[in-house]
Each structure stands twice: as C-alpha cells, then as structure tokens.
Amino acid sequence: MISAQDLIEKITSAATCDDCIVVVKDKTQANLRWASSTLTTNGVITERNVTVIAFIAQDGGMAAGGVSRTDVHESDIPQLLEQAVAAAKAAGKAEDFAPLATNVSLGDWNGQHVPTGPEIFKDFAPALGDMFARSVSHDIELFGYAEHTHETTWIGSKGGMRLRKDSPVGRVEMTGKSHQRSRSTWSGIETRDFKNVSVADIDADVRQRLNWQAKKVDMPAGHYDTILPSGSVADLFTYMLWVSGARDAFEGQSVFSKPGGGTRVGEKLSNVGFQFFTDPNYAQLPAANFVATAVSSPFSSVFDNGQPIKHVDWIKDGVLQSLIQTRATAALTALDFTPLGENAIMSVDGGKGSLTDLISKVDDGLLLTTFWYIRMVDPNSLLLTGLTRDGVYHVKGGEVVGATNNFRWNDSPISALSRIAHASATEWTQPREWAGDVTNMAMPALVIKDFNMSTVSPGN
Amino acid sequence: MGVNKTIDADFLNLPLTAVSDAAISTATSAGASHVDVRVERTRTGLLALRDAKPETQSDETLAGVGVRVIVNGAWGFASSPEISVKVAQQLALTAVAMAKTSKPLSTQEISLVTEPVYAQKTWVSDYEIDPFSVSDGDKKDRLAQLSNSLLKSSNVNHTSAHAMYVKEQKHYADSYGTSTTQQRVRMQTQIEAISIGTGGFESMRTLAAPSGYGWEWMGNTHWNWDAEIEELPALLAEKVASPSVVPGRYDVLVHPSNLWLTIHESIGHATELDRAIGYEANYAGTSFATPDKLNTLKYGSSLMNVTGDRNTPHGLSTVGFDDEGVAAQQWDIIKDGILVGYQLDRRIAAAVNRDRSNGCAYSDSPAHVPIQRMPNVSLQPNPTGPTYDEMVSSMEDGIIIKGDKSWSIDMQRYNFQFTGQQFHRVKSGKIVGQLKDVAYQATTTDFWGSMKVVGGPSTYVLGGAFNCGKAQPGQVAAVSHGCPAAIFDKVNILNTVAEAGK
C-alpha cells in the first residue's frame with residue numbers, strides 16, 4: 001500500500017483547484033470479546049480512510065467539497081479530485097468559510113504508522129484465561145471486551161499544511177454475573193498500552209461487588225442523593241458537550257440559549273467551584289494541539305484544519321465560559337474561537353479522595369455502577385433519560401448496606417450542576433455508554449442531591 | 001423508470017472470485033475447518049442543510065476484505081482495505097494465527113449449522129434511481145426547496161434537513177461452495193422545522209421513514225414530501241400554542257410512525273437469540289425473553305402477531321442472502337400474543353442445538369465479523385381491522401402519538417420511555433388539538449398486553465432506522481419495521497417539564 005505521505009503529495013500536487021486538503025487515517029486494531037467465560041469473537045483489523053477536500057474561491061469566500069475512500073491507488077486520483085471539485089461546486093460558498101492555514105507543520109510528518117496487533121495482549125490474554133477458569137469454578141460468568149487501537153492521522157494541503165497526530169487507545173470492559181445471573185456488576189479501564197491493566201484488580205472488584213449484592217432491598221422511585229462514579233459523570237457530561245455548539249445556542253436552539261437572544265456565556269451554573277476544560281497539555285490525557293477534521297458539522301469546519309487548540313475553559317468556577325466554535329461561528333456569536341479539543345477534564349474545588357471516600361460521606365442514598373441508554377428528552381432543559389445498570393447499592397451511614405433494584409431516571413446535567421454535594425479527586429476514567437467513542441476523559445465521582453429516579457426498572 | 005436489476009460493473013470488475021478463492025484455499029491448507037470471505041464496498045453520502053444552506057457534506061466509500069475462519073473449534077478473523085489476491089492470502093494466514101492464539105480462551109467449541117449451498121447467486125434490491133447517479137447539485141436543490149418552503153412561514157424560524165443515501169455491495173463466499181454477489185440501496189431524509197419563542201424552542205420533523213428506495217424516494221410518488229412540508233408550519237404553530245400534558249393514564253393511539261420504534265426496542269432486540277443467551281451482556285444487554293420461555297411467554301394481547309423477515313420489498317434489512325450465505329426468509333416471532341420464535345445466525349442456531357439458521361447474519365463492514373442482526377420485525381395488521389379514521393372515532397378520551405423522537409429502554413428490554421413529534425388530544429372520537437411535553441413509559445409485556453385495537457391493512461406503514469447499534473467493536477445496521485396503528489389501554493403518560501423538576 002502506498003504510504004500516506006506519498007499519497008498526500010501526489011494528490012495535492014495534482015489538484016488544480018484553489019486549495020486542496022487531504023486527510024489520511026491509518027488504523028490498526030486488535031480485539032477480543034467474550035461471553036459466559038469463553039471467547040466469542042476476535043479480530044485483527046487494518047483500515048485506511050482517505051478524504052480529499054477541494055476548495056474553490058467564490059464570492060470573496062470559498063466552497064468546499066469532500067470525497068472519502070478506503071483504499072486509493074495512484075490511478076484513482078484524477079477521479080477523486082473531479083468528484084471533490086463537483087461536490088464543492090454543488091455546495092456553493094460555504095457558510096463556515098474562514099481563510100485556510102498555509103505552510104504550517106506540526107507533528108512527525110515523515111514517521112510511519114506503528115501498527116498494533118494481538119501481541120498487545122501477550123500478558124493480558126493468559127491472565128484473562130486464568131480469570132475465566134477461576135470464575136467457572138466459583139459459578140461466576142464473565143462477559144466483556146478488550147480492544148487496542150492505534151490511529152495515525154496525516155493532514156496535508158496544497159497550501160503547505162503538514163500535520164500528523166497519533167492516538168493509541170485501548171480499554172477493557174468486564175461484566176460479572178452470578179447466582180443464575182440475578183447479580184451483575186461491571187468495571188472498565190482505559191489504557192494506552194495495557195501496562196496499567198491488572199486482571200487481578202478487575203477480578204477483586206467483580207467479586208467484591210457481587211458479594212455486596214448478597215442482600216437485596218427493594219426501593220421505590222423517588223429523589224435520592226446519588227453517588228455517580230467518575231465513568232457515569234463522563235457519560236452524563238458528554239451529553240452536555242454534545243449540545244454545546246455556539247451557533248445552536250446563539251440561534252435559540254439549545255439549553256445554552258438565552259431567552260430573548262444570545263447565549264448563556266457568563267451565567268453561573270453551579271453551586272460549587274466547578275471546573276470543566278479541555279487542554280492538549282494535560283499530562284495524563286495527551287491530545288492534538290491543532291484542529292483536524294475531514295468534514296464540517298455544527299461543531300467543526302474543514303476550513304479550521306491546522307488552527308491551534310489551546311486550553312479552553314467550558315465552565316470555570318461554576319460560570320459558563322465557552323461554547324464549541326468554528327472560526328465562522330466565533331465571528332457570528334462575537335465570542336472567542338474555542339474549538340472542541342480531544343480531551344475533557346472536570347474537577348470540583350476541594351474534591352479529594354476516592355469513590356470509597358465519597359461513600360463514607362453519604363448518610364442515606366444510592367451508589368450507582370453505571371448509566372445506560374441515555375437519550376435527550378427535552379433539549380430546552382437538557383432533560384435526559386436513562387437507566388441504571390449492573391448494580392445499584394443502598395448507602396446508609398456511609399456504608400454500602402445492600403443492593404437494590406434498577407431505576408429509569410429523568411434528570412439534567414445542567415440542573416445537576418447546582419446539586420453537587422460532594423466530589424472525589426479527578427481520575428482518568430471510562431464512560432460506559434460512550435466507551436470507545438469518547439475517550440480521554442478525567443472526571444471526579446460526584447454526589448448529586450435529589451437525583452430523579454422516575455420509575456423502578458425490573459431489568460437486571 | 002424501471003427497477004434496476006444489475007450490479008454495478010465497477011464492483012463486478014474487482015477480483016472478487018480470485019480474492020475469495022485465494023483466502024479459502026490458503027486458510028483451508030493452513031488448517032481451517034470453516035472459511036468465509038466477504039469482499040465489500042459500501043458508499044454512503046450525507047448532505048445536511050441548515051436554514052436551507054449546506055452545513056455537512058460527505059461521500060465515503062468503505063471497501064475491503066474480511067476473512068473469518070474456524071480452526072480447532074476457535075474463531076479467527078482478519079481484514080484489510082486492500083482488495084487483492086496477495087492480501088487475501090495474508091489475511092487467511094493472520095486469521096488462522098488469530099484462531100490459534102484464541103484457542104486457550106475458547107472453552108466452548110464453535111460450530112455452525114449446515115445450510116444449503118448456493119453457488120454464484122446474485123441479488124439486487126428494488127430501487128429505480130441510484131442516488132449516486134443524481135448530481136450533488138440536484139440533491140441539494142431538492143432539500144433546499146423543501147427547507148425554503150418551510151422558511152416562508154412566519155411560524156418557522158429555522159430548518160434542518162438531512163439526507164443519507166447508501167449503496168452496499170457484497171461478494172460472499174465460503175468453504176462449502178456458496179458464493180453470492182449482492183447490491184442494495186437505501187435512503188433516509190428528515191426535515192425539521194424549528195420555532196423559537198420566549199419560553200424556549202419547539203420543533204417538528206417530517207414523518208417519512210428511511211426506506212429501501214433510491215432517489216425516487218424524494219419525488220412525491222412514494223412519499224408526498226411537498227404535501228407533508230406544506231402542513232408542517234401550521235402543525236408546529238399549533239404545538240407551540242398547545243397546553244402541556246397533564247400526566248396520568250390515557251388511552252393512546254400509537255401511529256405507525258411512532259410504533260415502529262417501540263417494536264424495534266421492545267420486540268426486535270428482545271428476540272435476538274444471541275442477546276437472550278448472554279452474548280451481548282457486557283454491551284447491548286440481554287433479554288427478558290429467555291429461551292426457556294419459548295412457546296409459553298405471554299408477550300402481549302392475543303391480537304399481537306409479529307413476524308421476522310429479510311424479504312419485505314424496500315425493507316432495510318432485506319437481502320437475497322445473509323452474510324453467512326443463508327437465503328432470505330420469513331417466520332413467526334409472536335403468534336396470538338405468545339413468543340414462538342427468535343432471530344438466528346448459523347452459530348447461535350448451533351449453540352442452542354437447532355438445525356437451521358433463519359438468515360440474520362450481517363456485518364456492517366469488511367473490518368467487522370458477521371453477527372446476528374435484526375431482520376425486518378413487523379407487527380401484522382388485523383385483516384378485518386378498522387381504518388385509521390374509525391380508530392380515532394372509537395376513542396372516548398385519549399392521545400394520538402405520531403413520529404418518533406426520544407427513545408430509551410433497559411438492558412433486559414423491560415422498561416421503556418418514548419417521546420414523539422406530535423401528540424393530538426382526542427375527546428368523544430374527535431381530535432380537539434395538540435399537547436406538548438409528552439412521554440410514555442411502560443414495561444414491555446404490560447404495554448403489549450394492553451393493546452386492545454389493532455388497525456387494519458389500510459393503516460399499515462413500513463418504518464425503520466439506519467442507526468441500530470450492537471456488538472463490540474460497534475456495528476451499525478439498517479432495519480425496517482412494518483406496523484398498523486394500534487390502541488393501547490391506560491398507558492402511563494409523563495410530563496417532561498415536570499420530570500425536569502420545573
């Protein structure tokens with residue numbers, strides 16, 4: 001297969017349009033999946049995605065059109081360029097136009113993609129096999145997934161843009177069930193190289209939580225002080241980020257719209273010293289420091305490729321600071337250009353200790369394991385609905401006293417911001433529902449007062 | 001324009017048979033007892049207009065080869081975007097090596113049920129106009145015209161229009177001699193009108209379903225777009241001015257444009273046998289409808305008859321043969337309210353000691369393994385049932401729900417909550433206006449048990465979705481659900497503003 005760099009040079013030098021950006025993504029992945037303590041599927045995957053974006057000057061701005069293919073040969077280049085140019089002409093002058101970056105170089109352009117493969121599992125797989133054997137002898141069934149992916153992105157343009165970034169990311173998810181599947185628990189861990197994955201720790205967590213479920217108490221629907229582990233906080237607030245587009249807010253179509261016009265930037269949303277930001281230099285969550293996008297959307301613009309990403313505060317000291325911007329929406333809304341970064345970090349001033357420390361601070365409430373099936377119900381208030389999954393525990397006097405039923409909940413992360421009772425320290429975490437789609441999150445566990453458990457769910 | 005029945009020459013010109021033959025012979029020589037190969041190319045176009053101007057445009061082709069093997073009772077899989085004999089041979093060896101690596105973790109032997117061999121079969125879905133043969137400009141112009149019609153109304157402040165069009169081409173071959181080559185097309189268009197008021201914003205979307213049509217879908221023959229768009233601003237204005245629902249129990253007439261999604265979530269997913277036996281327990285979830293309840297579980301009222309199929313014309317799950325070479329078929333899932341069937345692929349059928357698959361294997365990409373995915377799962381109309389108008393007239397006091405919006409259901413498919421696009425209040429058999437802030441919440445078997453009227457064939461509509469998710473790594477599939485309108489007794493209606501504590 002032709003190298004990404006060669007392909008980009010050939011396409012950009014063949015392009016006769018006013019500018020041309022080529023995005024090449026090379027991805028390798030190895031994965032293992034298991035159920036009932038036996039492997040069910042696996043895979044070794046190589047993928048390539050090549051996007052050619054043609055730009056044509058028009059009425060003081062530019063039109064853009066893109067075409068993507070998985071495997072491009074030299075002979076395909078004229079046709080690809082022709083299709084991209086046709087798409088640009090059909091689209092007309094772009095609403096998200098802003099001058100394209102030229103002659104900008106970031107990242108190790110010439111380096112090759114370093115593929116990952118099944119050898120990443122060389123310590124993990126035998127340990128997993130041992131855990132399977134132990135679980136079978138203790139009547140525990142294991143279900144889960146392990147994946148390691150390495151994606152390299154190159155972005156080159158006719159105007160001299162030469163960008164490259166690498167994203168190695170992996171995870172392990174483990175569901176344990178026992179007692180004819182009447183007990184169920186889950187744990188997840190994010191990793192870059194599987195060196196931080198301890199199967200023994202996962203095993204211990206599964207066993208402790210299944211033991212917690214020996215005593216079961218039915219609890220009714222209602223409002224509860226609820227301990228959200230960091231992964232559930234990640235799931236909940238991911239949704240907030242997804243509705244943080246500046247144009248939607250400015251045009252009256254989001255929870256961040258100000259009644260009567262404009263956005264809620266500058267409004268205090270939280271009762272505590274709440275910080276939510278993105279930062280390419282955050283030590284534990286390395287992320288690209290430039291915009292890299294193959295397609296324009298409400299959140300991103302192909303015209304912004306190569307623009308710097310810096311530290312952005314979305315919420316600082318409880319006050320809404322920024323919304324997700326392209327340069328075009330920044331001009332429209334008269335706010336700073338604050339593009340969406342590749343990590344998200346939350347902290348609460350004074351938050352310290354672990355999830356266990358938070359449990360000790362709750363007199364009477366619920367401890368969740370994960371959220372599931374989160375969907376938007378009312379975009380005006382960002383009311384979300386969802387379920388609890390794989391273990392809800394009754395906490396009394398600072399201790400877990402037993403397991404209870406699952407609930408369907410209806411609540412809003414925006415409203416929850418002003419009901420934070422306690423927070424743990426911030427930790428690198430894995431969301432459950434958006435695992436794999438949303439990575440690079442560091443969140444605290446939170447105690448939210450009066451969380452709305454709308455009905456009991458018999459699901460287990 | 002006639003129905004297209006030929007597979008594109010530029011797909012047939014790829015070295016399909018040479019690649020699949022090479023992978024099968026290489027893997028067999030390396031010790032595989034089963035080999036299947038897919039050479040695929042899927043082209044997906046997306047056009048999104050905001051206030052009638054382009055916002056998102058993409059045209060993506062995903063092509064490649066996937067090779068799956070069984071060696072000593074363990075799976076191995078490998079894939080690449082390169083379609084060549086040399087790469088196919090390498091993939092075969094990688095898949096065999098992966099199977100050997102996996103063997104120590106595989107405590108259960110993998111086997112597949114035997115199916116008839118279909119050699120050199122071709123199949124093409126029913127469509128007239130390949131959406132990729134229509135110029136980008138013409139596609140944009142149609143969406144812009146429909147958006148601009150809405151924007152002319154003073155009731156509409158903003159619009160959003162999306163069209164997605166897909167052409168999927170697959171060559172499948174296995175070590176038993178089956179080889180199939182297929183092409184199918186599908187389209188989804190949604191147009192939304194948005195009204196901004198002092199108290200927030202409201203929106204209303206077209207009810208047109210995604211479907212297995214080509215660009216002919218965007219004329220007014222199969223769906224009357226112009227008529228629907230003309231009615232939308234007044235309906236939206238009425239919704240904006242309507243009262244917020246008083247929560248409580250109501251009789252509900254669920255229109256097919258909403259009911260398809262309830263079928264999808266509470267029946268479609270619940271009767272996937274791989275889920276029911278635990279294969280998705282870490283991710284998509286399990287099912288309350290476990291195999292021990294087959295032929296005894298009372299799923300719903302005796303009026304309830306549900307089938308699974310992969311051969312409904314224009315169905316999104318419709319194929320000639322599935323991704324394990326099994327011919328498309330139709331079967332019963334629920335008969336007279338009792339659970340009588342499941343969705344199967346060859347591996348799950350073998351795992352539960354059945355003789356045959358019913359053809360539900362699908363993979364969304366050459367990079368992913370085929371798994372059991374949903375066929376078209378449809379609620380059958382009552383052959384002598386009422387018309388839609390007769391159903392409305394029969395309601396003393398209730399709510400009509402049209403169009404899908406928010407959906408959520410638990411991992412065992414018991415507790416669900418749905419909203420919609422339109423909620424019409426019915427009193428003494430007459431529609432008296434709209435309501436807003438409505439959600440309905442129920443437990444699957446209670447809800448289907450409360451189905452007291454099933455509409456006749458004239459109320460039947462094929463709905464569906466492009467974005468059904470399952471498995472890890474995640475796979476997306478398109479699926480249709482046909483259904484009549486139906487009336488449910490005393491359903492729990494929530495007020496979504498009250499749920500938010502306001």
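Reader: How many helices and strands are there in chain B?
Author: This is a predicted model: local features need pLDDT of at least 70, side-chain atom pairs count only at pLDDT 80 or more, and totals for chains, interfaces and linings use all residues. Residues are numbered from 1 along each chain as its sequence is written, chains are lettered from A and ligands numbered from 1 in the order in which they are written, and side-chain values use heavy atoms, with hydrogens and water left out. Helices (H or I, at least four residues) and strands (E, at least two) are DSSP runs, numbered from the N terminus. On that basis chain B has 11 helices and 22 strands.

Reader: What is the radius of gyration of chain B?
Author: The radius is taken over C-alpha atoms, and the globule rule is 2.2 Å times the number of residues to the power 0.38. For 502 residues the rule gives 23 Å, and chain B comes close to it, so chain B is as compact as a globular protein of that length. Along the principal axes its C-alpha atoms fill a box of roughly 70 × 55 × 45 Å. The radius of gyration of chain B is 24 Å.

Reader: Which residue is the bridge partner of B:Ile334?
Author: Strand β10 (residues 330-335) of chain B pairs with β11(B) in the antiparallel sense, over 2 bridges. The partner lies in β11(B) and is B:Leu339.

Reader: Where in chain B is B:Pro473 found?
Author: A cis peptide bond joins B:Gln472 to B:Pro473, with omega about -5 degrees. B:Pro473 is found in the loop between β20 (461-470) and β21 (475-483) of chain B.

Reader: What radius of gyration does chain A have?
Author: The secondary structure of chain A comes to 9 helices and 20 strands. Its C-alpha trace spans about 70 × 55 × 35 Å along the principal axes. A compact globule of 460 residues would have a radius near 23 Å, and the value for chain A agrees: 24 Å.

Reader: What is the strand order of the open sheet of 6 strands in chain A?
Author: The pairing in this sheet is mixed. Its edge strands are β11 and β18 (427-429) of chain A, each pairing on one side only. Inside the order, strand β9 (residues 274-278) and strand β12 (residues 344-348) of chain A run antiparallel, joined by 4 bridges, and A:Gln275 has A:Ser347 in β12(A) as its bridge partner. The order is β11-β10-β9-β12-β19-β18.

Reader: Which residue of β13(A) is the bridge partner of A:Asp225?
Author: Strand β8 (residues 222-228) of chain A pairs with strand β20 (residues 446-457) of chain A in the antiparallel sense over 6 bridges. There A:His223 stands opposite A:Asn452. β8(A) also runs parallel to strand β13 (residues 364-378) of chain A, with 3 bridges. In β13(A), the partner of A:Asp225 is A:Gly365.

Reader: Where in chain A is the place of A:Asp317?
Author: A:Asp317 is not a glycine, although its phi is positive, about 50 degrees. Its place is in the loop between β10 (312-316) and β11 (319-320) of chain A.

Reader: Which three residues supply 10% of the area that chain A buries against chain B?
Author: Contact means heavy atoms within 4.5 Å; 88 residues of chain A are in contact with 79 of chain B. Buried area is the accessible area (1.4 Å probe) that two parts lose on being put together, summed over both. The chains bury about 6,700 Å² between them, 50% of it on carbon and sulfur atoms. Supplying more than any other three residues are A:Arg33, A:Asn42 and A:Tyr373.

Reader: Which residue of chain B meets A:Arg33 in a salt bridge?
Author: A salt bridge is a side-chain nitrogen of Lys or Arg within 4 Å of a carboxyl oxygen of Asp or Glu. The rule finds 5 across the interface of chain A and chain B. In one, at 3.0 Å from N to O, the side chain of A:Arg33 meets that of B:Glu280.

Reader: Which strand of chain A gives the largest share of the side that touches chain B?
Author: That strand supplies 12 residues. It is joined by 2 bridges to strand β3 (residues 74-80) of chain B, and the two run parallel. There A:Ile45 stands opposite B:Ser79.

Note on methods: Pairing = 2+ DSSP bridges.
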